[in-house]
Amino acid sequence: QFHMIKYEDLRWSESLGQGSFTRIFKGSKIDIRDGERHVTDVLLKELDANHKNCWESFFEAASLMSQISHKHLLLVYGISVHRSKNVMVQEFIKCGALDLFLKREGSVSVSWKLDVAKQLASALNFLEEKNITHGNICAKNLLLAREGDASQGSSPFIKLSDPESIHAHWEWLRKVMIPWVAPEVLEAPERLELECDKWSFGATLWELFNGGQAPLQGLDLERKLQFYETYKQLPSSEWTELADLISQCMNYQPAFRPSCRSIIRQLNSLITSDYVILHAAEPLPD
Ligand code: ATP
Ligand code: MG
């Protein structure tokens, strides 16, 4: 179930580009509460006309996101239907997507990245407890509600958006999502389960620590498929504890991937080793 929003209550402004199935606009939503007019900035995601047959999963995704609430999950206000238009109305996040931010921003401190990773892990832990599979975790779907000061390390604040389900129908899109999509899902989409999000978390962690660069960027589809067929791993980070966590998450056997609790514990100990590194680099006080 989800909230229906009257089409007349929406205002459309500039286009923010295109998703795989959607056209994305900035806009606002008008509510009358207690006789007063309230205007809220929103993100309008219109289902592409060529993908009308996806509307059911589109609504499912909207419905899922509007039933659960967590500080690191993007708010979905509801759905608006007008003639043949299907529109998802979401919380608007000013600073945009994490991958673009990382590409734009030259220097991002380790503690800033670790904050992002921990926030994502806490959202995943919440979903895991509710037994909900997100299925579409990647830096593009992490929105920056607050940038913080990336070079100084003051805290960012992220929100996870866009759970899967639309994509479940589209073989080609699953392939585009290599290496974020867990290998077992390519074989059989019905194997999209909690463990798949751990794999995607690993790939997203890699992205985060590689300047927002898409992992396996530049490889054609055939090479990407080979990556899975030959049980490859992403190039590992010099930071061995981080590399180890990523490879645990991207284990080809779903059952061996770590629980969220274990991921969080390991991220916390990464912070400690970060401090150790920082302190080791500082001269000792007299
Ligand atoms: P997918 O379902 O594959 O995630 P999508 O329709 O969500 O596709 P994206 O490519 O994820 O499309 O998003 C396109 C761009 O729109 C992002 O790069 C981001 O800049 C912007 N965007 C998406 N959601 C929001 C939001 N809630 N607030 C502000 N900007 C957003
Ligand atoms: Mg998205």
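This is a predicted model: local features need pLDDT of at least 70, side-chain atom pairs count only at pLDDT 80 or more; totals for chains, interfaces and linings use all residues.
Residues are numbered from 1 along each chain as its sequence is written, chains are lettered from A and ligands numbered from 1 in the order in which they are written, and side-chain values use heavy atoms, with hydrogens and water left out.

The shell around ligand 1 holds 19 residues, the closest being T22, K45, I93, N141 and D162, and a residue counts as near if one of its heavy atoms lies within 4 Å. By class, eight of the shell residues are nonpolar, seven polar and four charged; here Ala, Val, Leu, Ile, Met, Phe, Trp, Tyr, Cys and Pro count as nonpolar, Asp, Glu, Lys and Arg as charged, and the others, Gly among them, as polar.

Turning to individual atoms, an N or O atom in the side chain of T22 is 2.4 Å from an oxygen atom of ligand 1, and a polar side-chain atom of K45 lies 2.5 Å from an oxygen atom of the ligand. I93 instead uses its backbone, with an N or O atom 2.9 Å from a nitrogen atom of ligand 1. Of the 620 Å² of accessible area that ligand 1 has on its own, the protein covers 90%, by the Shrake-Rupley method with a 1.4 Å probe.

Now to the chain itself, whose secondary structure comes to nine helices and seven strands. The C-alpha trace spans about 65 × 50 × 35 Å along its principal axes.

Finally, two local details of the backbone. I178 and P179 are joined by a cis peptide bond, with omega about 5 degrees, and P179 lies in the loop between helix 4 (171-176) and helix 5 (183-187). D34, although not a glycine, has a positive phi of about 50 degrees, and D34 is placed in the loop between strand 2 and strand 3.

Note on methods. A polar contact is a pair of N or O atoms within 3.5 Å; within protein, one must be able to donate a hydrogen and the other to accept it, and residues adjacent in sequence count only if both atoms are side-chain atoms. Helices (H or I, at least four residues) and strands (E, at least two) are DSSP runs, numbered from the N terminus.
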